Amino acid sequence: MIEAVVFDWGGTLSVWVDTDLAEMWRLVARHLAPHEPHREDELCARLAAIEERAWARSSVDQRSFTLHQVLTEASEELGLDVEAAVYEEASAHYLDAWTRHITHDPDAVGVLGDLRRRGLAIGLLSNTHWPPDYHEHFLERDGLAPLIDVRLYTSELERTKPHPSVFRLALDRLGVEDPARAIFVGDRPLDDIVGAKAAGLRAVLRKGSTVPLADVEPDAVISSLPELLTLVDAWR
């Protein structure tokens with residue numbers, strides 16, 4: 001019997017966004033050098049590169065990182081007081097820059113509601129360096145927050161997916177002892193499918209985003225969230 005379903009966020013519950021990181025950092029660059037417009041492009045590129053490096057390191061060692069750490073590294077590398085002087089404003093501007101890009105799947109609210117009506121616990125496990133409040137902002141805005149019992153963001157954890165510890169933590173928070181009684185749904189073959197299967201969960205791949213493939217066979221593949229309901233009913 002299935003007791004819980006845990007979802008990835010980006011590309012699974014939310015619509016995949018392939019956004020230029022430099023665009024997200026432009027407002028930060030303007031704040032850092034308000035009277036030097038000729039430096040804006042250079043700072044944008046360097047800030048984006050610092051964030052890209054952090055993700056690259058995480059993909060190797062599965063250690064999580066935070067926006068705070070990115071800004072600290074940027075301060076040291078650029079010789080500018082990014083952390084102390086502009087953290088609050090940079091964070092707000094960074095979120096504002098993302099807001100117009102973030103949309104949730106139009107089927108997400110209905111599917112989560114149907115899963116809850118089936119008596120299933122619902123979780124969210126996202127690889128992210130954003131503070132939790134960023135994600136909560138979007139989940140509340142679009143009506144998903146009341147439908148998700150447990151929400152975990154790796155910016156608050158020691159490890160990222162696919163490390164088994166983060167999947168186990170999600171199950172513990174949901175009160176699920178046997179991982180075989182839980183389903184993980186995600187769009188990333190390595191982070192989501194490899195990680196979930198290694199932790200003992202059933203793994204469902206949501207096709208659609210342009211993420212790297214991995215040598216793994218999911219338990220099922222879906223193209224849309226409503227297809228998950230049929231799987232859940234069959235596995236129950």
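# Reading helices, rings and cores in a predicted model

Q: How do you know that helix α2 (residues 40-61) is close to the expected length?
A: Helix α2 has 22 residues and reaches 32 Å from its first C-alpha to its last, close to the 32 Å expected at 1.5 Å a residue. The expected span is 1.5 Å times one less than the number of residues. Helices are DSSP runs of H or I with at least four residues, strands are runs of E with at least two, and both are numbered from the N terminus.

Q: What kind of model is this, and which residues count?
A: This is a predicted model, in which local features need pLDDT of at least 70 and side-chain atom pairs count only at pLDDT 80 or more, while totals for chains, interfaces and linings use all residues. Residues are numbered from 1 along each chain as its sequence is written, and side-chain values use heavy atoms, with hydrogens and water left out.

Q: Why are the buried residues of α2 said to be on the same side?
A: The buried residues of α2 are Glu 40, Leu 43, Cys 44, Leu 47, Ala 48, Ile 50, Glu 51, Ala 54 and Ser 58. They cover an arc of only 150 degrees around the axis, and therefore they sit on the same side of α2; the arc is taken from the directions between the helix axis and the C-beta atoms. Buried means under 20% relative accessible area, exposed over 50%, and partly exposed in between, with a 1.4 Å probe and protein chains only. The face turned away from the buried side carries the exposed residues Asp 41, Ser 59 and Val 60. An α-helix has 3.6 residues a turn, so residues three or four places apart point the same way.

Q: Why does Arg 26 count as partly exposed?
A: Arg 26 has 26% relative accessibility, and the class runs between the limits of 20% and 50%, so Arg 26 is partly exposed. Arg 26 is placed in helix α1 (residues 21-32).

Q: Which residues does Arg 26 contact, leaving aside its neighbours within four places in sequence?
A: Arg 26 is in contact, meaning heavy atoms within 4.5 Å, with Glu 40, Asp 41 and Cys 44.

Q: Why is the pair of Trp 130 and Phe 138 called tilted?
A: A search of the whole structure finds six aromatic pairs. The ring centres of Trp 130 and Phe 138 are 6.3 Å apart and the planes are at 40 degrees, so this pair is tilted. Rings of Phe, Tyr and Trp (its six-membered ring) pair if their centres lie within 6.5 Å; planes under 30 degrees apart are stacked, over 60 edge-to-face, and the rest tilted. Trp 130 is buried at 6%, and Phe 138 is buried at 0%.

Q: What makes the pair of Phe 167 and Phe 184 edge-to-face?
A: The planes of Phe 167 and Phe 184 are at 75 degrees and the centres 5.2 Å apart. Phe 167 is in helix α7 (residues 164-174) and Phe 184 in strand β4 (residues 182-186), so the pair ties together parts 17 residues apart in sequence. Phe 167 and Phe 184 are buried.

Q: Why does Asp 105 count as buried?
A: Asp 105 has 10% relative accessibility, and therefore it counts as buried. Asp 105 lies in the loop between α4 (82-99) and α5 (108-117). A polar atom of its side chain lies 2.7 Å from the backbone nitrogen of Asp 107. Leaving out residues up to four places away in sequence, Asp 105 touches Thr 12, Leu 13, Ser 14, Val 15, Arg 206 and Leu 225.

Q: Which residues have the most contacts inside the largest nonpolar core?
A: They are Val 5, Phe 7, Leu 13, Leu 115, Val 204 and Leu 228, in a core of 51 residues. The largest share of this core, six residues, comes from α2. A nonpolar core is a set of buried Ala, Val, Leu, Ile, Met, Phe, Trp, Tyr and Cys residues joined through side-chain atoms within 4.5 Å.

Q: How do you know that the buried residues of α9 (residues 227-235) line one face?
A: The buried residues are Leu 228, Leu 229, Leu 231, Val 232 and Trp 235. Down the axis of α9 they fall within an arc of 160 degrees, so they line one face of the helix. The face turned away from that side carries the exposed residues Thr 230 and Ala 234. Elements covering the buried residues of α9 include β1 (4-7), α5 and β4.

Technical notes: Polar contact = N/O pair within 3.5 Å; in protein donor to acceptor, adjacent residues only side chain to side chain.
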